[in-house]
Every structure is written in C-alpha cells, then in structure tokens.
Amino acid sequence: MTHHYDSESEEERSDEEYEEEQEVVEEEEEEEEEAQESGNSEEEEEEEEEEEEAEEAEEEEEEEEEEEEEEEEEEEHEDEEDAEEAEESEAAESDAESFEEEDDDFEYNLDIFAEAVPPPPSGWAVNHNDRVPLPNRFKLSNCKGKKRALFVGCNYPGSSAPLTGCINDVINIRTFVMKQYNFKEEDCLTLTDDQQDPELQPTKLNMLAAMKWLVHDAQPNDSYFFHFSGHGGQELDMDGEEDDGIDENIYPSDFVESGTINDDVLHETLVGSLPAGCRLTVVLDCCHSGSALDLPYTYSSTGAMNSDEIFNDMSSGVNETRAALLRGDVEAVLRNLDLMNRRLENKDNREYALQVKSSEADCIMLSGCKDSQTSADTYQEGFGRTGALSWSLITTLTQNPKQSYLELLNNVRDLLKEKYSQKPQLSSSHPVDLNRRFTM
C-alpha cells in the first residue's frame with residue numbers, strides 16, 4: 001500500500017513538473033511572440049520614418065529644382081536685357097563708324113545715351129538749359145515705314161515783297177528728295193502760288209490742312225518731310241514762351257488777308273501728334289527761321305547754352321542801344337530797351353515752354369539762318385533763281401549722300417559763308433549724336 005501510494009505521488013509530481021514546463025514553454029513562446037511583434041512594430045516604424053524622410057528629401061529636391069529654374073529664368077531674362085542693351089550700343093557705334101543703313105529700332109534711356117555718345121566737337125554744342133529736364137525716353141525712326149512729303153513755295157507775285165526763287169526751290173528739292181530718299185510721287189503734295197487749282201495754292205488754310213495731312217495716322221518708323229521756301233518773319237510773343245519776346249513765323253501766299261503761321265502753330269500742327277519713333281524732317285528756307293518749329297535742342301557754332309545766349313543777346317542789345325543813342329535814334333533806343341526787358345521777363349516762361357514742347361518723336365529741322373538773320377533769295381549756276389539753303393543742301397548731299405549731321409551742317413555752312421552772312425541752324429526734339437548718319 002505504501003509503495004502504491006508513493007507511485008501515485010511521483011506521477012502527480014511528474015504531471016506538475018510537466019505542467020510547469022509547459023507553462024514555461026508557453027511563457028517563452030509568448031515572450032518570443034511579443035518580442036517578434038515588437039520587432040515588427042519597430043521595423044514598421046523605421047520603414048515609415050524612412051518613407052517620410054524620403055518624401056521630405058523629394059520635396060526638398062523639387063523645391064531646389066524650382067528655385068534653380070527660377071534663378072535660371074531670371075538669369076536668362078537679365079542676359080536678354082543685357083544682350084538688347086549691347087545690341088543697341090553696338091548698332092549705334094556701327095552706324096557712327098560705317099554709316100550703314102540700320103534695320104532695327106533704336107530706343108535710348110538718356111542716362112545710357114549720355115554715357116555712350118561722346119560730346120560734339122568744340123564749337124558744336126547743344127543749346128540747352130540745364131534746368132530744363134531732358135525727355136525720359138525718345139525713340140529714333142529707322143525711316144522704313146510710310147513716307148510722305150509736303151513742299152510749299154511762295155513767290156508772292158503782285159505783292160509788295162515778291163521773291164523769285166521759291167518755286168524753283170520746291171521743284172529742285174522735290175526732285176532730289178524723291179530720287180535720293182525714295183519718296184513716291186503719289187505720297188508728295190506741292191503747294192505753289194503759280195498753280196491754277198485753288199486747292200493747291202499755298203494759302204494759310206491750305207497750308208494748315210496740308211500739314212495735318214502730312215502727319216495724319218503717324219506710326220513709329222514713318223518718315224515725313226516738310227519743305228517751305230518763302231518769307232519768314234517775327235511777331236510779338238503773346239504767350240510769353242520766347243526768351244526774346246518774339247515769335248517766328250512763315251508767310252502764306254495770302255498773308256495780307258489771313259495773317260502768318262507762327263512757331264506755336266507749326267509745332268502744334270506738325271510735332272504735337274507724333275508718336276515716339278516717328279521721323280519728321282523740316283527744311284525752312286526763309287528769314288528768321290532758327291527756332292521757327294520751337295524744337296528745344298539746337299546746335300550752333302558758338303557752343304553756348306541757352307542761358308548764356310540770353311546774356312550774349314543782352315550784351316548785343318546794350319551795344320545796339322549805345323549806337324542808337326550816338327546817332328540820336330530815339331525810336332531804336334526804346335525798341336532795344338523794350339526787347340531786353342522782355343528777354344529777362346520771359347526767361348522762366350521759355351524754360352517751361354521747352355518742357356512742354358519736348359517730344360519723344362524723332363524731329364529734325366534745318367533752317368536757313370538764325371532767328372536774328374535773313375536768308376538769301378539768290379542765283380546759282382545750274383539752279384537759276386534759288387534760296388541759298390535749298391541750293392546748298394542739294395549740292396552737298398549730291399556730292400556726298402552719306403554724311404553725318406555734323407558734316408551736313410558744316411558743309412552747308414561752308415558753301416554759304418563765302419557769299420552770305422546767314423548761318424543755317426540744326427534743331428531737334430531730342431539730343432542728337434552729331435556723328436550719326438543723316439537720313440530720312
């Protein structure tokens with residue numbers, strides 16, 4: 001009995017040990033499963049972190065690429081602007097050196113223009129007051145758009161002051177311009193006082209209508225030409241724009257009945273409506289024509305500024321007044337004193353007028369003489385009766401069609417100086433590089 005009892009106890013103990021071992025095994029298995037699950041969870045977290053890091057890296061790369069593209073675009077834009085400026089500078093230099101005809105438009109910022117263009121040689125400077133601001137921008141015409149021309153010649157037959165060469169001037173200038181600068185006959189209008197058609201008479205009404213026709217529908221790169229040969233004069237300035245108190249004017253054929261056309265009206269009609277980049281070339285072969293278009297920039301042989309010219313004129317006025325006193329000419333004394341007074345009073349008004357009358361268009365005028373001078377109606381071999389300026393202009397450009405502005409002005413004056421006291425003037429709506437080729 002005792003032995004049997006002990007056997008059962010051993011079996012019970014064996015079962016307990018087995019159960020304990022099983023529990024240990026199960027615990028170990030559970031721990032392994034937990035460890036495995038924990039390891040899987042850590043791996044998943046690591047994978048998620050790696051994925052997030054990869055996504056962030058991709059986003060950073062995309063942002064860097066976008067920034068690089070923006071920088072490249074900005075650099076390309078800057079390069080394009082630099083290239084455009086370089087092309088403009090090279091084109092201007094090439095034109096000055098070779099006088100080859102340009103195909104491109106030229107637009108200048110005046111800060112760049114002032115640095116790029118050398119000052120004119122001594123004796124040929126811009127008469128411009130420093131207190132009058134330059135136009136912010138102006139655009140030169142390549143003269144390859146529409147071309148249109150107006151020619152006006154007045155001999156004033158039957159008047160108290162007839163002329164003899166003005167109609168010949170129109171015929172000669174018209175033939176020259178059409179041949180030399182490719183103006184077509186159907187785009188040219190001629191008014192002379194020997195024509196039977198009343199609409200082609202150079203009356204004040206017809207002249208103003210013709211000027212409006214000349215510049216109507218103006219566009220950049222167009223080229224318009226206006227030539228007048230006849231009487232020019234002066235009248236009291238009623239709006240205070242002139243520093244000498246005098247307006248310049250031109251005389252239509254019916255000036256006795258209708259009056260003259262002064263510089264204010266000429267400027268408003270011919271220049272006022274022109275857009276930037278449109279060329280207007282004006283030749284006035286008449287007396288007192290130096291500033292008859294009221295263009296603010298003039299080139300003279302003295303190199304004096306406008307402000308200096310006023311005091312030069314004052315000095316001249318004092319001398320004339322002294323001479324009048326010595327000869328007992330009271331009327332001349334009073335006239336000179338009144339003129340000097342108006343010059344001083346109107347100086348500031350003139351500066352304001354220059355601001356108003358600056359233009360972004362490409363306007364050039366060649367006049368027969370200074371405001372204070374007369375222009376000759378003369379005779380030249382091969383031309384017959386002719387205006388001195390019209391003759392000299394055709395002569396020098398026929399001899400050498402490829403001239404700079406400086407050469408043209410010098411040559412015209414050289415042709416005239418042996419016989420005539422008049423000094424042709426060059427004026428413009430903007431500062432001119434005198435080394436550029438003259439064309440139209």
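This note sets out numbered points on the predicted model shown above.

1. Overall content. The protein is built from 11 helices and 15 strands. It has 440 residues, of which 45% count as buried.

2. Confidence. The model is predicted, and the mean pLDDT of the protein is 78. A value of 70 or more is reached by 67% of its residues. Where pLDDT is low, predicted coordinates should not be read in detail.

3. How many of the seven residues of strand β6 (residues 223-229) are buried? Seven of the seven are, so the strand is largely enclosed by the rest of the structure.

4. The two faces of β6. In a regular strand the side chains alternate between the two faces of the sheet. In β6, one side carries Ser223, Phe225, His227 and Ser229, while the other carries Tyr224, Phe226 and Phe228.

5. The neighbours of β6. Which strands pair with β6? Strand β4 (residues 147-153) is joined to β6 by seven bridges, and the two run parallel. Within this pairing, Ala149 has Phe225 of β6 as its bridge partner. Strand β10 (residues 279-285) likewise pairs with β6 in the parallel sense, over seven bridges. Here Phe228 stands opposite Leu284, a residue of β10.

6. A nonpolar surface patch. Val330, Leu334 and Leu337 form a nonpolar patch on the surface. Together these residues have about 290 Å² of accessible area. Is Val330, one of the three, buried or exposed? Val330 is exposed, because its relative accessible area is 57% and the term applies to values over 50%. Val330 lies in helix α8, which covers residues 330-345.

7. The surface as a whole. The accessible surface of the protein comes to about 24,300 Å². Carbon and sulfur atoms account for 44% of this surface.

Conventions. Residues numbered from 1 in each chain as written. Predicted model: local features only at pLDDT ≥ 70, side-chain atom pairs only at ≥ 80, totals over all residues. Heavy atoms only, no water. Helix = DSSP H or I, 4+ residues; strand = E, 2+ residues; numbered from the N terminus. Buried < 20%, exposed > 50% of the residue type's maximum accessible area, 1.4 Å probe, protein only. Areas by Shrake-Rupley, 256 points an atom, 1.4 Å probe, with all protein chains shown as cover. Patch = residues over 30% accessible without salt bridge, like charges linked within 9 Å, V, L, I, M, F, W, Y side chains within 5 Å. Salt bridge = Lys/Arg side-chain N within 4 Å of Asp/Glu carboxyl O. pLDDT = per-residue confidence, 0-100. Pairing = 2+ DSSP bridges.
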